[in-house]
Amino acid sequence: MPQQKDIVKIAIQMPGAYPQLIQLDQKKPLSAVIKEVCDGWNLPGPDNYAFQYADGVQTYITESNRLDIKNGCILRLTKAPGRCAEDLYKGIQSSDSDVRCDSLKQLACVSTDVTFAQEFISRNGHSLLVKIVEDAHEAPLIMAHTLTGFMELMDHGIVSWENLSAVFIKKIASFVNATVLDASIQQVSLAILESMVLSGSSLFQQVKQEVTLERLLSQLQVTNQQIQTKAMALLMALLQTAGHADRQELFVFLGKKNLRQYIYKNIIHSSASVGDEMAHYLYVLQSVTLNHLEPRMRMPLDSYNQDQREILHGLRQAAFETESENSLSHERRRSLCAKEFKKLGFSNNSNPGQDLLRAPPGLLALDTMAHFASRYPDAYSRFVLENSSREDKHECPFARSSIQLTLILCEILSIGEPPSETGSDYHPIFFAQDQLLDELFCICIQLLNKTWKEMRATQEDFDKVMQVVREQITRTLSSKPTSLELFKNKVNALNYSEILKLRQTERLHQEETLAPPVLELKERLRPELLELIRQQRLNRLCQGTLFRKISSRRRQDKLWHCRLSPNHKVLHFGDVEEDTETPTIESLQEKIPVADIKALLTGKDCPHMKEHKGKQTKEVLALAFSVTYDVEEYSLNFIASSRTDFCLWTDGLSVLLGRDMSSECMRSELETLLSMEIKLRLLDLENVPIPDSAPPMPKPPSNFNFCYDFSQAEQ
């Protein structure tokens with residue numbers, strides 16, 4: 001007799017028949033259950049039928065997903081996927097155009113199901129669709145259904161995109177390049193080309209040769225938002241997949257065509273709202289474009305570079321009117337320069353280049369200061385002279401403030417960070433303004449000077465002022481200003497007193513949800529619990545973990561084991577056999593001293609992910625991490641078997657490197673421990689003895705008559 005937990009109570013529907021209410025035994029073969037249902041309706045040939053969800057995503061029920069069925073689910077008895085695939089395969093080849101159209105329309109719907117897709121592809125149905133596209137004899141509606149069905153089939157990853165012929169690619173590209181064509185055909189054609197580009201570098205080159213970029217830009221001007229979105233998606237795929245040379249070529253072309261102005265005028269400014277998908281692509285374009293500044297951000301000033309030295313001295317000369325320096329002696333000139341660099345706010349006035357060795361912000365700080373001095377010379381001179389003439393210790397150091405402000409802007413704009421796969425936080429102002437970083441700096445450095453005076457700050461308050469300025473900028477950008485002028489007005493209106501009011505309001509709101517003593521207790525407990533999690537992570541590394549090596553063909557090859565030594569000083573690793581139990585440290589031949597580890601990398605930044613760019617799935621990227629060692633020339637590359645192992649190892653390695661843990665598992669565990677610990681601390685345990693051991697398990701009751709019998713109620 002099946003156990004209660006193996007029984008699921010569901011309803012089965014079929015058009016033209018009364019529903020059947022059954023108790024599905026999850027241990028009984030699905031074919032036997034289908035036969036019983038068919039017998040109930042006197043239907044012959046149960047092999048021709050299958051179950052499908054009646055609501056939501058109408059997925060076929062198979063042995064692999066049947067455990068997802070919950071009590072109360074409504075299923076539909078329908079054609080088996082094999083029979084459905086066979087019928088549609090024949091219908092697509094019918095001489096009657098109406099039959100072909102109906103068959104392809106139905107195919108576009110059912111192809112979203114992987115079980116059906118496998119059956120249809122096993123009959124070589126996808127090749128039939130490719131032939132229809134290549135021949136291009138069908139009416140627009142039939143062609144639209146054909147392309148949609150093809151896209152849905154390919155999305156399952158059963159057939160490789162790389163198997164497609166050059167004729168097919170040319171035909172899809174011709175649909176995109178055509179000036180007059182059915183909108184639904186163009187929309188799905190753009191989506192197909194995007195998937196081709198993302199699948200590999202060989203298809204990237206073919207698509208790049210076939211698609212007219214000017215036509216792609218013109219599709220950003222159409223009123224159809226779906227075509228706009230798909231055109232943007234293909235553009236972003238081309239930019240992200242391109243190698244360095246191709247990407248530079250694309251950026252030059254798009255720069256000449258004023259892509260950002262295209263987008264601002266035809267998408268952001270003309271639309272009441274931007275859809276989630278388009279918002280993601282705008283975010284990606286913003287990120288990829290701003291990341292062109294990363295090399296300057298990572299590069300410190302070179303004291304021997306004549307151009308950089310001239311820019312540095314140009315800042316001094318633009319701020320101070322001095323006598324001809326050529327007539328001065330070397331010592332007099334050196335003394336004058338040091339004095340003026342000090343007034344400019346450099347910490348190392350005798351060698352100001354030392355202040356710009358910090359990277360980031362690197363040379364970007366020099367670039368932004370030079371831009372401010374040349375673009376707004378009056379504002380620059382006023383800032384420097386106003387603060388250099390003060391003698392009350394309230395002077396705001398221009399150079400030091402500029403370097404820190406440039407760093408803050410880089411962090412806010414995420415310069416140097418790869419775009420997130422789910423990010424959508426774009427700034428409309430980016431598309432309305434060239435040289436966004438430089439222009440934002442020019443506004444924000446004057447805001448900083450204003451805030452400095454409002455706070456009556458001294459040098460000791462420098463960090464506090466920078467925190468306020470960061471908050472002013474982030475709060476203003478979060479309101480999505482659409483122009484530089486609007487940003488300037490809003491950020492200047494958000495003065496120091498307004499920031500204090502906002503902080504007070506938010507603090508009161510937070511305290512309404514949690515009493516102050518509870519908040520205080522939570523903060524007191526946090527360090528102790530974080531240390532507990534750190535120790536658990538290190539213990540887990542000491543136990544070791546098995547990892548799989550995955551080849552470029554994505555076949556699972558060998559196993560290898562890695563573990564941390566008990567003294568936390570050495571990582572031991574080596575290959576092991578399939579059935580090997582946890583190996584001893586002595587049996588692991590390779591080792592890396594923890595002191596030699598330079599960095600922890602994750603996802604796309606890992607060397608083994610970069611080697612196979614565009615070929616790794618999102619799942620593999622989410623589980624990949626590496627440690628670099630010996631001056632970053634060597635790396636040890638991991639692919640965790642689960643997200644939990646990924647979090648445990650990246651947290652543990654972060655602890656070894658003296659960094660904060662940042663995984664979602666750590667945050668979840670910390671909140672759980674904090675919640676549990678606070679509840680225990682707040683229990684009223686006065687005069688309640690706490691036993692040293694767990695209490696004994698009570699005896700079972702003499703009978704179970706108190707249990708509710710659902711079967712009797714249904715009868």
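Q: What is the division by class of the residues in the lining of the largest cavity: how many are nonpolar, polar and charged?
A: In this predicted model, the lining has five nonpolar, no polar and one charged residues. The residues concerned are Val207, Lys208, Val211, Leu213, Leu238 and Leu250.

Q: What does a search of the whole structure find at a cut-off of 30 Å³ or more?
A: The search finds one cavity. The space in the largest cavity is about 40 Å³.

Q: Why is α3 called roughly parallel to α6?
A: Helix α3 (residues 97-110) and helix α6 (residues 140-154) pack at an angle of about 30°. Angles under 35 degrees count as roughly parallel, and α3 is therefore roughly parallel to α6. Their axes lie 8 Å apart, and the crossing is left-handed.

Q: Which residues make the contact of α3 with α6?
A: From α3 come Ser97, Cys101, Leu104, Lys105 and Ala108, and from α6 come Leu141, Ile142, His145, Thr146, Thr148, Gly149 and Glu152. By class, five are nonpolar, five polar and two charged. Lys and Glu count as charged, so the charged pair consists of Lys105 and Glu152.

Q: What makes up the lining of the second largest pocket?
A: This pocket, with about 790 Å³ of space, is lined by 23 residues, of which Thr602, Gly603, Lys604, Arg643 and Phe646 lie nearest its centre. Two or more lining residues each come from β9 (597-602), α28 (618-623) and α29 (643-656). The largest share, four residues, belongs to α29. The lining comprises seven nonpolar, eight polar and eight charged residues.

Conventions. Residues are numbered from 1 along each chain as its sequence is written. This is a predicted model: local features need pLDDT of at least 70, side-chain atom pairs count only at pLDDT 80 or more; totals for chains, interfaces and linings use all residues. Side-chain values use heavy atoms; hydrogens and water are left out. On a 1 Å grid over the protein atoms alone, a cavity is a set of points where a 1.4 Å probe fits but cannot get out, and a pocket is an open set with protein on both sides within 12 Å along at least five of seven lines; lining residues have an atom within 4 Å of a point. Grid points are joined across faces, edges and corners, and a volume is the space filled by probe spheres set on the points. Axes are lines fitted to C-alpha atoms, for helices over the stretch in contact, and angles run from 0 to 180 degrees between N-to-C directions. Angles under 35 degrees count as roughly parallel, over 145 as roughly antiparallel, 65 to 115 as roughly perpendicular and the rest as oblique. A crossing is left-handed if the near helix is turned anticlockwise from the far one by less than a right angle, and right-handed if clockwise. Contact means heavy atoms within 4.5 Å.
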